[in-house]
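This report describes one protein chain for a reader who is new to structures. Please look over the sequence and the model before reading on.

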Amino acid sequence: MRRSEFLRAVDTEFQARASSLVNDLGLSALRGRTALEALADGTPPRDIWLALCVEMDVPENRRHGVGRLEPRGH
């Protein structure tokens, strides 16, 4: 998962709350760091996405494959 895919996934899943969750929510799985802090520290975006999903109780079926654009030409 790329950073852009992570940000798309967060926007899609959390809509109006996306920005505040990325900037303000300390994630237990990331030692209390916010998603933004973890990105700045070099944590892989996929790890941050999964930590955010766990913290926010996102159902398993909405955790994988989100944030990806459809391949061109399909």
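The model is predicted, so local features are given only where pLDDT is at least 70 and side-chain atom pairs only at pLDDT 80 or more, while totals for chains, interfaces and linings use all residues. Residues are numbered from 1 along each chain as its sequence is written, and side-chain values use heavy atoms, with hydrogens and water left out.

## Overall fold

The protein chain has 4 helices and 0 strands. Helices (H or I, at least four residues) and strands (E, at least two) are DSSP runs, numbered from the N terminus. Read from the N terminus on, the order of elements is α-α-α-α. Of the 74 residues, 35% count as buried. Buried means under 20% relative accessible area, exposed means over 50%, and partly exposed lies in between (1.4 Å probe, protein chains only).

A contact means heavy atoms within 4.5 Å. Among the contacts with a separation of 6 or more, 51% come from residues 24 or more positions apart.

## Helices H1 and H4

How do helix H1 and helix H4 pack? Helix H1 (residues 3–14) and helix H4 (residues 45–55) meet at an angle of about 15°, and their axes are 9 Å apart. H1 is therefore roughly parallel to H4. Axes here are lines fitted to C-alpha atoms, for helices over the stretch in contact, and angles run from 0 to 180 degrees between N-to-C directions. Angles under 35 degrees count as roughly parallel, over 145 as roughly antiparallel, 65 to 115 as roughly perpendicular and the rest as oblique.

On the H1 side, the contact is made by Arg 3, Phe 6, Ala 9, Val 10, Glu 13 and Phe 14. On the H4 side, Pro 45, Ile 48, Trp 49 and Leu 52 take part. These residues divide into 8 nonpolar, no polar and 2 charged. In this grouping Ala, Val, Leu, Ile, Met, Phe, Trp, Tyr, Cys and Pro are nonpolar, Asp, Glu, Lys and Arg are charged, and the others, Gly among them, are polar.

## Salt bridges

A search of the whole structure finds 3 salt bridges. A salt bridge is a side-chain nitrogen of Lys or Arg within 4 Å of a carboxyl oxygen of Asp or Glu.

| Glu 13 | Arg 62 | 2.6 Å |

Glu 13 is buried, at 19% relative accessibility, whereas Arg 62 is partly exposed at 39%.

In the remaining pair, Glu 60 is exposed at 52%, while Arg 63 is buried at 13%.

## Leu 36

Is Leu 36 buried, exposed or partly exposed? Leu 36 is partly exposed, because its relative accessible area is 37%. This residue is found in helix H3 (residues 35–40). Leaving aside neighbours within four places in sequence, Leu 36 is in contact with Arg 3, Val 22 and Asn 23. The C-alpha atoms of Leu 36 and Gly 26 are separated by 9.8 Å, and the two residues are 10 residues apart along the chain.
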